[in-house]
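Have a look at the sequence and the model, then read on.

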Amino acid sequence: MTDTSSLTNMKDAVMAAIIDLGKEHDDVVMLDSDLASCLGSNAFKEKFPNRFFNCGIAEANMIGVGAGLSSMGFTPFAHTFGCFASRRDYDQMFISIGYAGQTLHLIGTDPGVTAQYNGGTHMPFEDIALMRQIPGLTIVEPSDAESCYDLIKQIYDTKRPSYIRVNRKGIEHRYKRGEAVLGKGIVLNEGKDLTIVATGALLVSKAVEAIQILKSKGIDATLIDLHTIRPLDTGLIEKYATKTKKVLVLENGRYCGGIGEMIAGYLTQRIDVRMSFINVGEQFGEVGNIDYLCNTFGFTVDNIVSKAIALIK
């Protein structure tokens, strides 16, 4: 079992989990779309040369290959950038994996603005909305190395397809090994004034900072790390929404079909709640470094604090 505390990038946590699964289970295979150097999946190839397949720059075909492997009893993990994982692979994920009852775990890296200099063409803001339309497919976006490792290990045990949304660069070490449980959000702070729901390394980290500033202003907020987007932890969200009556949802993607809309659709049928949202809105992506992009799309600590204060008032 890999010691994730020493890892320096999220992609390393992804590969640590898949390699450890490969050691434990002979059915685990790895597919990549000519991006092995980007994720580090060559490390899997070195350990299991007969269980690694570079499908080239043919992402949709990669899912077809994975579907065939699944039908023969293998459990494929497949990787490409999130923009290709969602837009180019979608029909194959829907029909060849979901409809056909196969199992494949699709890793979409650099979601949302974390694509940075690859620009708007490579920024998947709609991937969660698309993947939510495939019945029975699990969606996760971990916020640190330990939860990333744990969730991937647990996803294998579901024997169902999944979409793993994760940035390659940067890393947090927020949790202890074993603390993240698939399908169960993690409460990072308990408060009575409002509930903040965030997902992914970028926005959970921003929210943690915002919580401290809000405390200094006399505002006590609950913060939930919603690492599992689907199935939604409805019990946890409803519990704190009922308690605080105000919910702010942060997501590195589009509102339409995304996490905020999903939570709003659930809560408004059950309780009287006020909601606010931080997301990319009706915009395409841009080229830039992460600081520029966060300022452009409102993914800043100051904006989280302002939205929280406005929601309370």
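**A covered strand and a few rings**

Both faces of β8 are covered, with L194, I196 and A198 buried on one side and T195 and V197 buried on the other; buried means under 20% relative accessible area, exposed over 50% and partly exposed in between (1.4 Å probe, protein chains only). This is a predicted model, where local features need pLDDT of at least 70, side-chain atom pairs count only at pLDDT 80 or more, and totals for chains, interfaces and linings use all residues. Residues are numbered from 1 along each chain as its sequence is written, and side-chain values use heavy atoms, leaving out hydrogens and water.

**Around β8**
- Strand β8 covers residues 194-198; strands (E, at least two residues) and helices (H or I, at least four) are DSSP runs, numbered from the N terminus.
- Strand β9 (residues 221-225) runs parallel to β8 over five bridges, where pairing takes at least two DSSP bridges.
- β11 also pairs with β8 in the parallel sense, over four bridges.
- I196 stands opposite L223 in β9 and opposite L248 in β11.

**Aromatic rings**
- There are five aromatic pairs in the structure; rings of Phe, Tyr and Trp (its six-membered ring) pair if their centres lie within 6.5 Å, and planes under 30 degrees apart count as stacked, over 60 as edge-to-face and the rest as tilted.
- One of them is the tilted pair of F44 and F48, at 4.8 Å centre to centre and 50° between the planes.
- F44 is buried at 0% relative accessible area, and F48 is buried at 12%.
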